[in-house]
Amino acid sequence: MGLEKKPYLIDGVTGNGKMLATYGKDGQLHRLWWPRVDYPQHVDRMWMGIDLPGITEEVCWTHGEGWTHRQSYVGESANLLTESLHQRTGVEVTCEDFAVRGEDVLVRDITVTNRSDHPVPVRFFWYSSLTMMENRLYNSVAFDRKEEALVHFRHQYACAIGADRAVSGFQAGNALEAAARGELTGTEIAMETEGALSWELGELPPGEKFRLPLFLAFGDGVDGALACLNQAREQGADRMRERTLAYWREYLSRAKPVETGEEEIDRLYRRSLIVFKLMSDERHGSLIAAPEFDETFSRCGGYAYCWGRDAAYITTAIDRAGYHDMARDFYRWTVTAQSPDGSWQQRHYLDGRLAPHWGLQIDEPGSILWGMWQHYLETGDRSFLEEMWPAIRKGADFLVGFIDPETGLPRPSRDLWEEREGEHTYSTAAVYGGLTAAAATARELGYGEEAKRWSGAAASLQAAADRLLWNPERNSFLRGIKLAVSREEYEAARSRGIRTTSETDDKGYTTHRLWADPVIDVSLLGVNLPFELFNLSDPRVKQTAAAVEEALGQSPVGGIQRYEQDPYIGGNPWILTTLWLAQFKFKAGDVVGGEKLLRWAVEHRTSLDLLPEQVDKQTGQPAWVVPLTWSHAMLVLTVLDWMEARGKAEVKMETVE
């Protein structure tokens with residue numbers, strides 16, 4: 001089972017801002033990133049198991065057959081507890097995984113308990129295959145006798161694995177079959193990826209347990225990793241655990257409190273805040289869309305990157321929840337990621353470098369500028385605007401220069417779903433939001449000329465959208481215009497009398513386009529929420545929302561899909577799209593309608609209170625990405641909007657009475 005066979009759907013996640021780890025429901029650690037939560041990932045396989053001499057014929061790996069599993073978080077923390085019971089022998093293996101804030105250690109605190117009614121002899125086995133730097137080449141593994149540690153290393157990256165006691169057996173290289181047989185060879189070093197360790201736990205009487213804390217310590221080279229391991233041993237698992245739990249208690253204590261009267265919603269709100277921290281990079285302040293799960297890009301383009309689109313929603317949620325320092329750190333990071341021309345490209349690594357992408361997505365710079373102003377509205381921190389001003393000025397001027405003189409809309413770019421090129425309505429709304437935010441910033445700081453120029457550009461953009469983007473045939477805004485299509489689609493449309501256009505560039509390449517894209521897309525809610533391109537009082541806004549609900553609310557399991565005939569992973573309803581419509585309903589005064597959509601999203605969380613990207617339209621089970629940070633952001637925003645809407649409704653009722 002190599003990298004290409006890891007599961008897409010994960011169950012648990014833990015981390016500390018320098019490290020991120022994801023797990024299956026059986027507690028198997030599938031991926032671990034360090035020293036950033038986006039790169040690089042080091043784990044190929046990591047197994048643990050028991051051997052009961054005279055009872056079992058070989059090592060029983062805890063992820064194998066014959067085990068039942070329960071998984072939970074320890075209170076409101078990121079400490080992940082997996083309880084695995086071997087049904088035939090009655091031996092239970094529990095593992096509590098946690099990473100201490102500010103350190104380079106993942107603790108796997110293991111306890112083996114005899115749940116049977118008779119004594120059992122137990123040997124515990126550990127097997128790890130680490131492909132350091134996500135690469136199978138040039139890895140080495142060694143057992144350090146002095147330090148009682150198995151060390152995986154490649155270039156500057158090293159991981160030392162050891163317990164708080166001596167091992168009874170070890171093997172470097174070619175270790176899986178030997179470990180499965182329970183017969184480690186004592187080989188000390190190999191230029192391979194895998195190694196194994198074992199511990200004799202002795203005979204466990206009925207009801208007795210044996211605790212074996214394991215430390216995965218990372219460092220710069222072998223010496224750095226071993227030094228880190230020794231520091232972890234000196235602290236001990238108990239002290240590190242208490243520090244970790246204390247950190248999460250303090251972190252949540254700083255949040256805006258939410259008491260909706262529904263515990264599962266309140267709990268999911270708080271879990272979302274933990275997800276924000278897990279997905280954020282401690283050093284750079286940026287955050288990822290989700291833990292990576294499709295390294296080979298076999299079904300998508302990857303998720304462990306920072307998008308300005310996702311981040312605009314996520315940081316707004318972070319801000320509204322009370323974590324203004326996190327939001328400010330993120331926007332400081334955006335300055336490092338900004339291109340020299342003032343744009344922000346589609347997505348970036350967390351160190352600010354450009355990530356693999358499909359080309360400019362103009363809603364991204366618009367969203368970042370809009371988000372900066374939202375941060376100011378939440379904090380009133382004028383020094384933040386002054387700090388951001390050079391980036392805001394460059395970004396706004398880039399947006400102004402990106403207007404299509406033919407239409408008055410932003411020139412063709414990728415849409416927010418990164419699937420098509422054109423002049424999209426959502427992109428127009430995001431650019432409008434960015435320009436109005438930049439103009440407001442300029443007015444606040446006393447830059448009258450810029451404020452006038454950018455607000456004028458925004459007004460022209462709004463006028464162009466008003467003129468070109470309404471589709472009376474569907475009582476909805478168009479998804480966009482000038483949609484790039486294949487030559488075959490272009491010719492077929494022309495033969496049916498559908499309006500088309502095309503242009504040929506200076507190299508002789510021709511782009512064929514349909515003039516109008518009438519597909520109903522949930523992103524059309526963006527004309528009002530959050531960017532305010534058109535006011536809620538505009539009847540077209542509510543008509544569009546109604547069209548979205550009618551066209552995209554047809555899934556057998558409920559929820560709202562992205563757009564009509566969505567081909568991605570089967571066209572499932574998404575959590576964030578459903579919550580987007582819920583937010584709109586709260587804003588429009590339909591509290592009951594918004595509550596129904598909010599509860600649907602809450603009901604489709606995982607057993608660990610993590611929100612997926614999608615929900616399988618046939619089974620109703622979480623699908624594809626878990627957890628999606630944008631889903632959790634929309635949950636936080638929706639819950640806060642719900643509380644405000646309920647408050648307004650109560651005031652209205654009191655006024656009537």
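On a 1 Å grid over the protein atoms alone, a pocket is an open set of points where a 1.4 Å probe fits, with protein on both sides within 12 Å along at least five of seven lines, and its lining residues have an atom within 4 Å of a point. With that in hand, the largest pocket here is lined by 24 residues, and Arg320, Leu529, Lys587, Asp641 and Glu644 lie nearest its centre. This is a predicted model, in which local features need pLDDT of at least 70 and side-chain atom pairs count only at pLDDT 80 or more, while totals for chains, interfaces and linings use all residues. Residues are numbered from 1 along each chain as its sequence is written, and side-chain values use heavy atoms, with hydrogens and water left out.

**Pockets**

- The largest pocket holds about 640 Å³ of space, where a volume is the space filled by probe spheres set on grid points that are joined across faces, edges and corners.
- Four helices each supply at least two residues of its lining: H5 (308–320), H7 (363–379), H13 (575–588) and H15 (629–656). Helices here are DSSP runs of H or I with at least four residues, strands are runs of E with at least two, and both are numbered from the N terminus.
- H15 gives the most to that lining, with seven residues.
- By class, the lining of the largest pocket has 12 nonpolar, four polar and eight charged residues. Nonpolar covers Ala, Val, Leu, Ile, Met, Phe, Trp, Tyr, Cys and Pro, charged covers Asp, Glu, Lys and Arg, and the others, Gly among them, are polar.
- The second largest pocket comes in at about 310 Å³. It has 21 lining residues, with Tyr303, Trp417, Glu418, Arg562 and Tyr568 closest to its centre.

**Salt bridges**

- The whole structure has 60 salt bridges, each being a side-chain nitrogen of Lys or Arg within 4 Å of a carboxyl oxygen of Asp or Glu.
- One of them joins Arg136 to Asp44, with the closest N and O atoms 3.4 Å apart. The two sit 92 residues apart, Arg136 in the loop between strands E10 (120–130) and E11 (140–144) and Asp44 in strand E4 (residues 43–51).
- Asp44 is buried at 2% relative accessible area, whereas Arg136 is partly exposed at 40%. The cut-offs are under 20% for buried and over 50% for exposed, with partly exposed in between (1.4 Å probe, protein chains only).
- Glu188 pairs with Arg145, and their closest N and O atoms are 2.5 Å apart. This link spans 43 residues, from Glu188 in the loop between helix H1 (176–181) and strand E15 (189–190) to Arg145 in the loop between E11 and strand E12 (149–154).
- Glu188 is partly exposed, at 34% relative accessibility.
- Arg513 and Glu503 meet at 2.8 Å, N to O. They are 10 residues apart, in strands E26 (residues 510–517) and E25 (residues 500–504) respectively.
- Asp415, Glu419, Arg420, Arg562 and Asp566 are tied together in a salt-bridge network. Arg562 also turns up among the residues closest to the centre of the second largest pocket.

**Strands and sheets**

- An open sheet of five strands runs in the order E20-E21-E24-E26-E25, with antiparallel pairing; two strands pair if DSSP finds at least two bridges between them.
- Its edge strands are E20 (413–414) and E25, each pairing on one side only.
- E21 (residues 421–424) and E24 (residues 480–485) are antiparallel, paired over two bridges. Glu423 stands opposite Ile481 in E24.
- Elsewhere, E4 is largely enclosed by the rest of the structure, because nine of its nine residues are buried.
- E4 runs antiparallel to E10, joined by eight bridges, and Met48 has Trp126 in E10 as its bridge partner.
- E4 also runs antiparallel to E5 (residues 60–61), with two bridges between them. Gly49 stands opposite Trp61 in E5.

**Cysteines**

- How many disulfides does the search find? It finds zero, taking a disulfide as a pair of cysteine sulfur atoms within 2.5 Å.
- Cys159 is in no disulfide, and its nearest cysteine sulfur, that of Cys228, is 9.1 Å away.
- Cys159 is buried at 0% relative accessible area, and Cys228 is buried at 9%.
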